[in-house]
Amino acid sequence: MSNLPIADHALISDCHSAALVTRNGSIDWLCWPRFDSRSVFARILDDDGGHWAISPVGPAESNRSYVDRTMVLETTFTSGSGTATLVDALAVGANERGHELGAGSPNALIRRVTGVSGEIEMEMSFAPRGEYGLLSPLLSRTPDGLSVRAGADLFTLISAVDLDPGEPQAHVRFTVKEGDVLWFCLHYASTSEGPPSAWTRDQTIERFHQTITAWQTWSDLHQSYDGPWRDLVHHSGRVLQALTFHPTGAIVAAPTTSLPEEIGGERNWDYRYAWVRDASLTLQALWVAACPDEAQDFFAYMVRAAAAQLEGGAELQIMFGIGGEHDLSERVLPHLSGWRDSAPVRIGNGAWNQRQLDVYGELLDAASRLAEPLGHFDDDTQRFLVNVAEAAASRWKESDQGIWEIRGDPQPFLYSKLMCWVAMDRAIELADRLGAAHRVENWSKIRDEISSAILERGWSDKAQAFGQAFGSDELDASSLMIPIVGFLPGNDSRVVATIAAIAERLTDDRGLVFRYKSHDGLGGEEGTFLLCTFWLAQAQALAGQVRAARETFERAAAFVTDVGLLAEEVDPSSGELLGNFPQAFSHIGLVNAAWAISQAELAEAARA
């Protein structure tokens, strides 16, 4: 049902697309064959949006976890008569290992039901709906299950139990006894490819185990962090990998659209695209939580997607389709009621053509952080990164919509200026690798100009903190990035005062941080932002406030779901998770804050 809590959903992924599974065994969101494709199942946005449920009949408890070191989900159902497990996996390519995870996708969703003890009556409801719920498909019986035709999409369902292809869905009840193992597999293909080929039972079992092995070898190869909250950090690394579109190296901000920032409000956006900012910060988090080998793919993607823009003198677009598409024009789907009637449901994102000057700094910051594993920059990447630096140098004085994508008048946002400073600072650091040593003198001059402007115009005597924009007395959580990017040391008196002001005046009763409280051109309110709360913890750690940092971290981490996932925001009243889910930004914040606290504790121990 579309009114289930967002936190009741778990993620599975093949690094091409993703599905959300409810705790009662229903696939309520799946887009095929890409993260940003039209949905096959969208019940999370409307009761008639489509689903595939395998659930107990009658009351049952459910407990879930991921198979060790994977993004394969196991749900255990316990009723008065017995216990059964349901395991869900989006299959990856055959025999993939380590860095190859996600290289191929067979577009297959595997589900396994196993009888553990006693017996338990189950039911399966299969109701695909093409094109975001617009199409009720044609279901036809086959010897092994069903064939499905829905507009431009074709499906083959292989089922261990007989299904009656009724209208508008197929439904069946069956009993699972101890020792029973039932396999189900849904295969997808477009009409241009013809009907999808279906695996035999043995092939399905083989690909299921290969998928588990692929995730485990990726985790074993990549994940070496051994500091505080190790399990949370490692799992966040897998979540970030699960949000990566392997064919291009793009990284989506979240796998969903229009899960609201306010129940019943209009702040409902499509996050299934690659923001330059989010992806750059994801790569830096993977430097801690996993391994940055995927950075090569991302920078190659960015060069393909954006190099021509900068060469032609245009601004760097802030986001792209995961295949490198530029036009992400936004439209509303009026036939979907939205999660808990939070309409409109949008696809596309109108922020794609906004000016956001911070992206130059985030991109160059990622290049600097990952310079060693990236190795030699090829000529195209060198030229692209030099053009990124030059764009920041020429545009830093301009106003923009800022990191929070304000849909009002442009402003001289402090964070945008700060990240232009970062662009200059990191470009200077990378100059030799970019073949740009002759530009260092000018870049240094501009870096100093930006620094002076931030210190003179960004500080608010009234707020006793750095403000949201030049000349503003409003607080903004993005000011916490000042010590994080190294503009000022964490123990600078102005940084300490800003940390104190945000902790005191920009938090809710739980101590979670709002992005800002100023008017942003939209109606309604929003929740507290988990990324910003992790930023506060990270800034406190850099300020030497290690105990406070730990407490702040724990407040945010308390909202990790039973399967280790975080949404974008928390409702200040109810404490319920809000926003698109799971959200890369929140997991990035968790990883970086844990790392900062671990380093602060090591430094504290060394001084003792």
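Contact here means that heavy atoms lie within 4.5 Å of each other. The views below are taken from a predicted model.

View 1. Thr244 belongs to strand β15, residues 244–245. Its relative accessibility is 7%, so Thr244 counts as buried. Leaving out residues up to four places away in sequence, Thr244 touches Cys15, His16, Phe35, Ala250 and Ile251. The side chain of Thr244 also reaches the backbone oxygen of Leu240, at 3.1 Å.

View 2. Strand β14 (residues 181–190) contains His187. Because the relative accessibility of His187 is 2%, this residue counts as buried. The side chain of His187 reaches the backbone oxygen of Ser197 at 3.4 Å, and it reaches the backbone nitrogen of Trp199 at 3.4 Å. Residues up to four places away in sequence aside, the residues that His187 touches include Asn107, Ala108, Leu154, Phe155, Thr156 and Ile158. Pro196, Ser197, Ala198 and Trp199 are also among the residues touched by His187.

**View 3. Asp36 in the loop between β3 and β4.** Asp36 is located in the loop that runs between β3 (26–31) and β4 (39–41). With a relative accessible area of 16%, Asp36 is buried. The side chains of Asp36 and Arg34 are joined by a polar contact of 2.9 Å. Beyond its neighbours within four places in sequence, Asp36 is in contact with Tyr132, Arg272, Tyr273 and Ile322. Pro255 lies 219 residues from Asp36 along the chain, and the C-alpha atoms of these two residues are separated by 7.8 Å.

View 4. A pair of aromatic rings is described by the distance of the centres and the angle of the planes. In this model the count comes to 15 aromatic pairs. Trp404 and Trp535 form a tilted pair, with 6.0 Å from centre to centre and 45° between the planes. This pair links distant parts of the chain, 131 residues apart: Trp404 is in the loop between α8 (379–395) and α9 (414–430), whereas Trp535 is in helix α13 (residues 530–542). Both Trp404 and Trp535 are buried. Elsewhere, ring pairs link Trp32, Phe155 and Tyr188 into a cluster. Arg111 lies over the face of Trp52, at 5.0 Å from the ring centre.

**View 5. The largest nonpolar core.** In soluble globular proteins, nonpolar side chains tend to be buried together. The largest nonpolar core of this model has 220 residues. Those with the most contacts inside this core are Trp52, Phe126, Phe174, Met302, Leu316, Phe384 and Phe553. Helix α9 contributes the largest share of the core, twelve residues.

View 6. At the start of α8, a side-chain oxygen of Asp378 comes to within 3.2 Å of the backbone nitrogen of Asp380. The buried residues of α8 include Thr381, Gln382, Phe384, Leu385, Val386 and Val388. Also buried in α8 are Ala389, Ala391, Ala392, Ala393 and Arg395. The helices against which the buried residues of α8 pack are α5 (295–311), α6 (358–369), α9 and α10 (440–457).

View 7. Most residues other than glycine have a negative phi, and most peptide bonds are trans. Ala343 and Pro344 are joined by a cis peptide bond, with omega about 5°. Pro344 is in the loop between β19 (331–332) and β20 (346–347). The peptide bond from Phe581 to Pro582 is also cis, and its omega is near -15°. The loop between β25 (577–578) and α15 (584–607) holds Pro582.

Glu405 is not a glycine, yet its phi is positive, at about 55°. Glu405 lies in the loop between α8 and α9. The relative accessible area of Glu405 is 17%, so this residue is buried. Gln464, likewise not a glycine, has a positive phi of about 50°. Gln464 sits in the loop between β21 (459–460) and β22 (465–466). At 44% relative accessibility, Gln464 counts as partly exposed.

Key. Residues numbered from 1 in each chain as written. Predicted model: local features only at pLDDT ≥ 70, side-chain atom pairs only at ≥ 80, totals over all residues. Heavy atoms only, no water. Phe/Tyr/Trp six-rings, centres within 6.5 Å; stacked < 30°, edge-to-face > 60°. Helix = DSSP H or I, 4+ residues; strand = E, 2+ residues; numbered from the N terminus. Buried < 20%, exposed > 50% of the residue type's maximum accessible area, 1.4 Å probe, protein only. Lys NZ or Arg CZ within 6 Å of the ring centre and 35° of its normal. Core = buried A, V, L, I, M, F, W, Y, C linked by side-chain atoms within 4.5 Å. Polar contact = N/O pair within 3.5 Å; in protein donor to acceptor, adjacent residues only side chain to side chain.
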